[in-house]
Amino acid sequence: MGKKTVLVTGGAGYIGSHVTVELINAGYDVVVADNMSNCDLTCFEGVKEVTGRTDIPFYRIDCCNQESVETIFNAHAIDALIHFAAYKAVGESVEQPLKYFRNNLDSFITVLSVAAGHGGCNVLFSSSATVYGETDRLPVTEESPRQPAMSPYGATKQMCEDILESSVKAAGTGIKGMALRYFNPVGAHPSALLGELPRGVPNNLIPYVTQTAIGKRECLTIFGDDYPTPDGTCLRDYIDVVDLAKAHVAAVGRMVDGKMKKDYEIFNVGTGRPVSVLEIVRAFEKANGVKLNYRFGPRRAGDITAIWADPSLANRELGWTAQRTLEDTMKSAWEWELHLAALNKK
Ligand code: UFG
């Protein structure tokens with residue numbers, strides 16, 4: 001059997017670039033599509049350097065544009081499609097809901113329509129643990145009910161899951177689907193050639209930590225120290241981005257090898273290990289021998305106390321388990337920040 005081809009939309013972004021590397025390492029041909037609305041070419045250049053492949057087909061297109069997506073399906077026989085192309089800032093989605101609904105739904109509907117028009121393919125959707133909302137049944141399994149979305153961003157994740165499931169069920173689309181629900185993706189590639197590129201002041205914890213450590217930000221504020229958790233700070237399941245990328249390779253393998261047990265499947269992708277904000281700060285300081293300036297502040301609106309995954313279904317069915325330690329992850333995040341600082345000095 002010849003090599004399988006995977007189309008990665010949003011493949012120049014944070015998670016997409018790591019997934020592209022791991023797919024290529026696993027022997028897939030990868031086609032990347034990205035409109036570069038929230039990234040530059042840094043990560044895609046990093047992908048080429050890490051894989052030694054300078055010939056990765058790259059389409060600078062907007063996935064909301066059907067003709068552009070058609071161009072890709074006309075040029076390549078796509079066996080699987082991984083859809084990352086979406087806006088992802090929770091706070092911005094509250095301020096500009098229509099921008100989020102229009103882009104995130106339209107891009108997914110467009111790629112699904114084109115895929116169906118070309119006889120269908122395997123579709124992996126990049127979903128989020130945000131679909132579970134606040135739940136007191138922890139750890140969270142795939143059976144846990146979805147809660148009303150806490151933001152328009154979260155709503156688009158729920159709706160896209162539903163759109164995929166309905167497309168799979170409809171006769172004649174030829175689409176099989178999988179949703180991976182990520183917990184908190186963090187860290188960077190061990191080469192320090194690709195990682196997260198937050199625009200402006202970061203909302204997420206790890207970029208704020210690394211930017212504080214390097215002096216771009218004065219002080220990290222830990223949002224809340226009075227949560228009902230062992231040390232009073234929130235608990236999350238921080239999944240290393242390389243482990244996360246490898247889960248995608250396992251998932252694509254299951255789809256293209258015809259091993260799915262249902263035509264639409266859902267998997268949690270997490271470590272199963274709850275870690276507090278304070279533990280993150282300490283792990284970062286210890287792994288890198290760096291002192292972090294931090295203080296406690298009030299709770300952040302909309303934050304939930306604790307959420308972490310039960311990843312046993314993915315462990316069992318995908319044959320995948322998170323491997324990297326928190327120390328590995330904290331080191332990689334710091335190396336990436338140092339790499340970015342060096343690039344800016346050029
Ligand atoms: N935090 C701080 N200070 C900061 C930033 C974050 O204390 O400056 C804390 C938050 O309060 C939270 C933890 O660090 O307790 C993690 O916060 P992030 O913003 O990094 O991540 P969230 O858990 O809020 O959000 C993540 C993803 C979203 C997704 C959500 C729910 O970024 O895309 O999980 O699954 F929607």
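A polar contact is here a pair of N or O atoms within 3.5 Å; within protein, one must be able to donate a hydrogen and the other to accept it, and residues adjacent in sequence count only if both atoms are side-chain atoms. This is a predicted model, in which local features need pLDDT of at least 70 and side-chain atom pairs count only at pLDDT 80 or more, while totals for chains, interfaces and linings use all residues. Residues are numbered from 1 along each chain as its sequence is written, and side-chain values use heavy atoms, with hydrogens and water left out.

| Residue | Protein atom | Ligand atom | Distance |
|---|---|---|---|
| Asn204 | side-chain N or O | oxygen | 2.9 Å |
| Leu205 | backbone N or O | oxygen | 2.8 Å |
| Thr221 | backbone N or O | nitrogen | 2.8 Å |

Of the 680 Å² of accessible area that the ligand has on its own, the protein covers 87% (Shrake-Rupley method, 1.4 Å probe; for residues, only the protein chains shown count as cover). The ligand is surrounded by 20 residues, each with a heavy atom within 4 Å of the ligand, and the closest include Arg236, Arg300 and Asp303. Strand E8 gives the largest share of this shell, four residues.

Ala333, a residue of helix H11 (residues 326-345), is buried, with a relative accessible area of 5%, where buried means under 20%. Its C-alpha atom is separated by 4.5 Å from that of Gly187, 146 residues apart along the chain. Leaving aside residues up to four places away in sequence, Ala333 touches Gly187, Ala188, Ile206 and Thr210 (heavy atoms within 4.5 Å).

Note on methods:
Helix = DSSP H or I, 4+ residues; strand = E, 2+ residues; numbered from the N terminus. Buried < 20%, exposed > 50% of the residue type's maximum accessible area, 1.4 Å probe, protein only.
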